[in-house]
Number of protein chains: 2
Amino acid sequence: MGDRSLEDNAKILKLLGDKTRLAMLGLLMINECCVCEFVDIFKMSQPAISQHLRKLKDAGLVKENRRGQWIIYSLNRENAFFPMVRDVLKHVPSQEEKFIWLEQQGLRISCD
Amino acid sequence: MGDRSLEDNAKILKLLGDKTRLAMLGLLMINECCVCEFVDIFKMSQPAISQHLRKLKDAGLVKENRRGQWIIYSLNRENAFFPMVRDVLKHVPSQEEKFIWLEQQGLRISCD
DNA sequence: TAAACATATAAGAACTTACTTATATAATAA
DNA sequence: TTATTATATAAGTAAGTTCTTATATGTTTA
């Protein structure tokens, strides 16, 4: 039965069902981002941010790339569930203002 | 900030992030359905089913209609998040086989 | 090399979730 | 009216989630 696939979909949706992770994905849809930027944006402890990113990485939704001392996270557009995530994010308010705010604070690290 | 709306989106996605509720919505996208049919389909206790439906109803995603002794649940297509739910379900395997199975078992109640 | 910075991991606490069993409510049928 | 059927609610429990603080790892800079 196709219930295995349904279950996989549900797992991805559960990951999206947290406002921090949903916003993270919204941000990554616009641009890659490093951990310390997420910390500034969400005003959340660094371990809390790391743990959210770990979940997204374990699901294969994001990938990491070390750039010097920073670890830059980006969307994994090859993931089987990426099309669903993209479609979900079309219904979610744009997170662009958060990048703008980051830039205004002089806290921007990763540039495109 | 638009974070209130983001949070609302996340709440809906959290509801979809459970395989039983996700399948329920997939079924309701095809046809309305009563509680006892859900019980047969998911082979789950009646209170468990009722509690899942309650959450979907509290979020405004489904509505109920009494038909005699049965309470028939259907999608609330007027809900602000319905378009997102519809788009999500496009990425989820069809639940139609569950209705077919129900019919084969002679357990179908609600007809369209 | 030592200090500072960026990130990850571990352990634990508070809260939430998804069941369970028992019981209440409402409609129908005998 | 009584029994049966369909559904909801309540209370309790086990497991899961999301933080916290403390610490470890890896990189850069002085």
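Reader: Which residues are closest to DNA strand D?

Author: In this predicted model, local features need pLDDT of at least 70, side-chain atom pairs count only at pLDDT 80 or more, and totals for chains, interfaces and linings use all residues. Residues are numbered from 1 along each chain as its sequence is written, chains are lettered from A and ligands numbered from 1 in the order in which they are written, and side-chain values use heavy atoms, with hydrogens and water left out. A residue is near a strand if one of its heavy atoms lies within 4 Å of it. DNA strand D is surrounded by 26 residues, and the closest are A:K55, B:C36, B:Q46, B:S50 and B:Y73.

Reader: What share of the atoms of DNA strand D within 4 Å of the protein belongs to sugar or phosphate?

Author: On the phosphate side, a backbone N or O atom of B:C36 lies 2.7 Å from a phosphate oxygen of DNA strand D. On the base side, an N or O atom in the side chain of B:Q51 is 3.3 Å from a base nitrogen. Bases make up the rest of these atoms, and the share of sugar or phosphate is 62%.

Reader: How many residues of chain B are in contact with chain A?

Author: Contact means heavy atoms within 4.5 Å. On the chain A side there are 26 residues, and on the chain B side the number is also 26.

Reader: Which residue of chain B meets A:D3 in a salt bridge?

Author: A salt bridge is a side-chain nitrogen of Lys or Arg within 4 Å of a carboxyl oxygen of Asp or Glu. The rule finds 2 across the interface of chain B and chain A. At 2.9 Å, N to O, the partner of A:D3 is B:K98.

Methods:
Polar contact = N/O pair within 3.5 Å; in protein donor to acceptor, adjacent residues only side chain to side chain.
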